[in-house]
Each structure stands twice: as structure tokens, then as C-alpha cells.
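Student: Could we go through a few packing details together? I'll ask as we go.

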Amino acid sequence: MSNPSKAKGTRFESAVCDYLRWALDDERIQRLTLHGNKDVGDIGGIYHCGARVTVECKATRAPHYRRHWAECLVEMANGDANFGIVIWKRPGIGITHRDTVGRHLAYTRRDVLAAMVSTLHDDAATALMAKTEAIPRNGELIGMDLADMARLLNHGLPLGPDQE
């Protein structure tokens with residue numbers, strides 16, 4: 001791959017895909033191919049309570065929250081998804097180990113997070129909401145570590161296969 005930025009993005013997408021495949025114990029989770037202006041996200045095969053989740057990965061130097069979320073919204077519409085998540089690679093945090101991949105920022109709109117959290121038991125919902133972080137200069141978006149977002153997608157259950 002001759003474009004270093006594209007290669008960096010591909011490595012990040014692959015690491016996030018592998019992490020989510022492990023965390024949700026679902027081999028059907030996969031990186032998606034590009035479809036031009038009809039893209040449906042970077043990672044497919046993720047559902048929450050039977051509803052499709054669009055996952056958009058970003059390995060940019062700066063966190064262009066609004067621009068990345070706008071792209072996620074378009075891809076949600078293209079894929080007829082109910083939920084959308086942007087995963088942004090935090091600077092200085094690697095992608096070679098599960099624990100570091102789980103520390104990258106996953107964010108969504110507040111109403112989307114509220115709808116997802118409403119499906120959890122009160123204790124699990126309270127614990128996850130306590131770990132959220134405000135997205136700077138944007139009251140509409142809210143974030144958390146990817147590991148916590150994966151717990152939310154996994155209905156508050158522990159991450160990874162049952163026997164590891």
C-alpha cells in the first residue's frame with residue numbers, strides 16, 4: 001500500500017475488527033469493502049438487540065468529531081442502521097494488544113447511547129454511564145473507551161469467549 005495514511009487506517013480498522021470479534025465472541029464481524037458514496041461503515045456484522053450498528057474507524061491526528069460523525073450518519077443511512085459508533089485512535093495508544101485497542105475512543109450521539117444503555121440492567125447501565133466522557137465543543141456527542149462500548153454491545157456481559 002503506497003499511501004501511508006491509508007495503511008495506518010487499514011491497520012487500525014483491522015485491530016478494531018479483531019478486538020470486536022474477540023470481545024463479542026463473534027467470528028462474523030468483519031472489515032467491510034469500500035463502496036464509494038454508498039459505504040456502510042468500516043466494520044460489519046455488529047448488532048445491538050437485533051438492530052444493525054454502523055462502525056466507522058478513524059486514525060486521524062486530530063479528532064474531527066463533527067466531520068467523522070457526519071460521515072457515520074451517511075453510512076448509517078446507506079446501511080439502514082439504527083445505531084452508529086465512531087472509533088477514533090487516540091494518539092500515543094497502540095493497537096498491538098487487546099488492552100490498548102480497548103482504550104481508544106468510541107463515541108456516538110447522546111440519544112443513541114441512551115437508547116443502547118436502556119436495554120441494560122440498572123447496575124450495568126449506571127456503571128457504563130459513569131465511564132462516559134464529554135466530547136469537546138459538542139454537546140450532542142458522548143464517548144467512552146472502546147472496551148466499555150464493547151461491553152454495551154455485549155449487553156453488559158464480560159468480554160471475550162467464555163473459556164479463555
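Student: How are α4 and α6 oriented to each other?
Tutor: In this predicted model, α4 and α6 are oblique to each other, because their angle is about 50 degrees (under 35 degrees is roughly parallel, over 145 roughly antiparallel, 65 to 115 roughly perpendicular, the rest oblique). The axes of α4 (residues 110-117) and α6 lie 10 Å apart, and the crossing is left-handed.

Student: Which residues make the contact?
Tutor: L113, M116 and V117 of α4 meet M149, L152 and L153 of α6, where contact means heavy atoms within 4.5 Å. These residues divide into six nonpolar, no polar and no charged.

Student: What about H155, where is it found?
Tutor: H155 is in the segment after α6 (146-153), and H155 is partly exposed because its relative accessible area is 38% (buried is under 20%, exposed over 50%, partly exposed in between, with a 1.4 Å probe and protein chains only).

Student: And what does H155 touch?
Tutor: Leaving out residues up to four places away in sequence, H155 touches H48, C49 and L120. H155 and C49 are 106 residues apart in sequence, yet 8.6 Å apart in space, C-alpha to C-alpha.

Student: New topic: is N138 buried or exposed?
Tutor: N138, which lies in strand β8 (residues 138-145), counts as buried because its relative accessibility is 8%. A polar atom of the N138 side chain is 3.4 Å from the backbone nitrogen of L141.

Methods
Residues numbered from 1 in each chain as written. Predicted model: local features only at pLDDT ≥ 70, side-chain atom pairs only at ≥ 80, totals over all residues. Heavy atoms only, no water. Helix = DSSP H or I, 4+ residues; strand = E, 2+ residues; numbered from the N terminus. Axes fitted to C-alpha atoms, helices over the stretch in contact; angles between N-to-C directions. Left-handed = near helix turned anticlockwise from the far one by under 90°. Nonpolar A, V, L, I, M, F, W, Y, C, P; charged D, E, K, R; others polar. Polar contact = N/O pair within 3.5 Å; in protein donor to acceptor, adjacent residues only side chain to side chain.
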